[in-house]
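Thanks for coming, everyone. Let me put the structure up, and then we'll walk through a few spots.

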Amino acid sequence: MGRMILVVDDDDDVREVAAVALELLGGFAVTTATSGPEAIASVRAAPPDAILLDVMMPGMDGPSTLTRLREDPTTARIPVVFLTAKILAAERNRLEAMGAAGVVAKPFDPKTLPAQLEQVLGWV
Amino acid sequence: MPLVPRPDDDVDRVASLRALGLLDSEPEERFDRVTRVAAALFDVPMALIGLVDQDRQWCKSSIGLRDREIPRRQSFCAYAILRDDLLVVPDTRADERFADNPLVTGDSAVRFYAGRPLRSPDGSRVGTLGILDRRPRQLGPTERGHLDDLGAWAQSELGDLALTDAVNALADEDLARAITASVHDGIVTVGADGRIRSVNPAIVRMFGRHDLIGAGAEELVVPNERPIVIQLLDDRLAKESGSEVRVELHGRGKHGAEVPIEVVVTDLVVGGELSFAVVARDVTARREVERVTNDLVSVVSHELRTPLTSLLGSLGLLASGALGQLSERGSRMVDIALANADRLHRLVNDILDLDRIAAGAASLDLRPCCAAEVMAQALEAVRGVAERADVTLCAAFPPFDLLADPDRLVQVAVNLIGNAVKFSPAGATVTVLTSVEKGAVHLAVSDEGPGIPADGLSRIFERFEQVGSSDTRAKGGTGLGLTIARDIVKQHGGRIWAESVEGEGSTFHVALPAGVTRSMPTGCLPSGRVMIVEDDRRIAGLLADAMWQLGVAVCWSSREDDAIGQIGDLEFNVVVLGVGGDGNMETADRIRNVDAGVPVILSVKNIEDGGRVHDARPEFSVTTIDAAGLAELIDQVRRLLPDRGEG
């Protein structure tokens, strides 16, 4: 009990749904951030066990956020799972090649989201 | 006034006249001098060179006549062209053809007419040289000779094609210049030295430069693309490319802005010297449309998926009960919302799929793949739906590899089998059979649903085009599935079609060309291979499904000749041959002829037939198509399969 996941998405509703699903159905502790810079600040303040990171965000997008996290040794090892509306295999491969632990497609099924995360993170 | 008779060849005659290019042209001295001489010679107030077309007589040259054209029915010339020699009318009032002609009764008061037909170079009588007088008169033999001579003169002017051509050529040149000046495409000619010789206004507008003549052709494009242009012209000089080259480049437009251009280079040989015509089309607008289309897909992808994520997510959480129990009606409402959000999601996916296929973005990943694997995946995907709908799936592993994109084929198969299940009543069977016919892989998915009206059979593959769309919506379809299936099959170079008998069911067929590897696929299939020869698709489905339980590869053929061909090509462990009760074993004997060793089991519809067949040919095993018979068949085939180390 009590693994912490940081959910990063610029869309308030998506963020809340993901947070509720992970808290209520997965039993995780969830923190949220609305942008890349906010996520980085949050990770430094309280490092989570994993980050669910939206790809398309205004300003600093998901991949840039991941790069910034990797540059900082204190945050480099936190596993990141991308959340993306782009479902093409090429996009998935590109994201995985960046060092993401996995990719979750939007829309996700809230009932299976916790299990999906646990699986890609190797927590099962 | 009687109607003017028309010559038999009038249509050709008018065509020949039109080809002269004289109708409605300006007066010309070469004709006017003939009429002038004629009027003077015969001392008549009126003379003309009249050309008779479909509906009128039109004067290329005339003296003393008020109208340049008159209706054909009032024309004297229209009569003159009916004959080879001169038409002479000494007194028009005494001639019933002309007595009430307005030219006779009216101000012109024509009393005399003589006309000499004029022939075009192909011999058609296209008009006349005519003389008219206001008093009756006769024409003596000498005068007739003069008129004939003058006619011959006028005729030689008609036939002076060299002159006509020269005039046309002049017009062509003007026309060509006018076209070049007015088109929106930029046109430049480039000499063999690579320097621009001429430009049209569009090029000047496109590039905003007036100093292009004499400049190198490469200066038209952005610096980093200049080597491409130089290479292209070099290749053409060396004749290393075809007669026309088309490339997409970027022009350097006004103020240095880049202009996407499509360039077509064509060889020109002018005065024995090679040069090039370069046509540059500004494709900014086309690029913009492409960009907007791509953007739209991207926007649909992201902007619709994001709200769908929240919608499906929040509804899914509500329905899961994790947020507390809803009332029965509340939960029903959430289910409705969830089902519709889900449908919207599938619609978005389907639209994106179609768009990617249409844009060529979803290119095929062609590789040898195991058809059995494709079928197994597809069946797995729909088995749950089929069970809930109480629909039995009868299917078999196809025993071959094929060259295809397996993921896409699974998509096609899921779509067809899923549709068949959706439209089947409870308790019905959906039969999925594969066969190799004439080198093509053939998939047939049959249902026992309501069927499709004949006029709907081709339409159903169109976007959102269903037979009874309300019906489809009730079934939860997006209306795009068959279109996607069709596009994928087409991408594979195959064909998809439907057959149906209303009230009895439908069969969807997919034929994929060649690409079949005849060898037994490695790894993905069990070790046995069974051929089913049966023209009743329903029975074939039952037999195939029984074989499926054994996990063997099954080949099905409804046509004996195809089946015998395959038995000759592939090695089968067992052939199950459907026969009637009449004991006709010709096919069994033919099978034995191509493969003497293969065990043949005869399948019959009932026990009575079984008895008769067994009595006629005791050397063959016989099975009936019922539960007991099929169970026995499974046992029998299992014994005939290679030992798989089970005991």
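Where in chain B does Asp9(B) lie relative to helix H1 (10-19)? Asp9(B) sits in the segment before that helix. Keep in mind that this is a predicted model.

So, Asp9(B) first. Asp9(B) has a relative accessible area of 39%, so this residue counts as partly exposed. Together with Asp8(B), Asp12(B) and Asp122(B), Asp9(B) gathers in a surface patch of negative charge.

Now a nonpolar patch. Which residues make it? From chain A we have Leu24(A) and Leu25(A); from chain B, Leu318(B), Leu323(B) and Leu326(B). The patch covers about 380 Å² of surface. Take Leu326(B) as one of them. Leu326(B) is in the loop between helix H9 (284-320) and helix H10 (328-358) of chain B. The relative accessible area of Leu326(B) is 34%, so Leu326(B) is partly exposed.

Look at helix H14 of chain B, residues 481-491. Why do we call H14(B) largely enclosed by the rest of the structure? Because nine of its 11 residues are buried. Here is the list. The buried residues are Gly481(B), Leu482(B), Thr483(B), Ile484(B), Ala485(B), Arg486(B), Asp487(B), Ile488(B) and Val489(B). Note that Arg486(B) and Asp487(B) are among them. Just after H14(B) comes Gly493(B), with a positive phi of about 80 degrees.

Next, strand S18 of chain B, residues 505-512. How many of its eight residues are buried? Eight of the eight, so S18(B) too is largely enclosed by the rest of the structure. Both faces are covered. Gly505(B), Thr507(B), His509(B) and Ala511(B) point one way, Ser506(B), Phe508(B), Val510(B) and Leu512(B) point the other way, and all are buried.

What does S18(B) pair with? Strand S16 of chain B, residues 440-446, pairs with S18(B) in the antiparallel sense, over six bridges. Strand S17 of chain B, residues 495-501, also runs antiparallel to S18(B), joined by seven bridges.

Ala444(B) stands opposite His509(B). Trp497(B) has His509(B) as its bridge partner in S18(B).

Last stop, the hairpin of S17(B) and S18(B). Three residues lie between the two strands. In this hairpin, Gly503(B) takes a positive phi near 90 degrees.

That's my tour. Happy to go back to any of these spots.

Terms used: Residues are numbered from 1 along each chain as its sequence is written. Chains are lettered from A and ligands numbered from 1 in the order in which they are written. This is a predicted model: local features need pLDDT of at least 70, side-chain atom pairs count only at pLDDT 80 or more; totals for chains, interfaces and linings use all residues. Side-chain values use heavy atoms; hydrogens and water are left out. Patches are made of residues with over 30% relative accessible area and no salt bridge: like charges are joined within 9 Å, nonpolar side chains (Val, Leu, Ile, Met, Phe, Trp, Tyr) within 5 Å. Accessible areas come from the Shrake-Rupley method with a 1.4 Å probe; for residues, only the protein chains shown count as cover. A salt bridge is a side-chain nitrogen of Lys or Arg within 4 Å of a carboxyl oxygen of Asp or Glu. Lys and Arg count as positive and Asp and Glu as negative; His and the chain ends are not counted. The place of a charge is taken as NZ of Lys, CZ of Arg, CG of Asp or CD of Glu. Helices (H or I, at least four residues) and strands (E, at least two) are DSSP runs, numbered from the N terminus. Buried means under 20% relative accessible area, exposed over 50%, partly exposed in between (1.4 Å probe, protein chains only). Two strands pair if DSSP finds at least two bridges between them.
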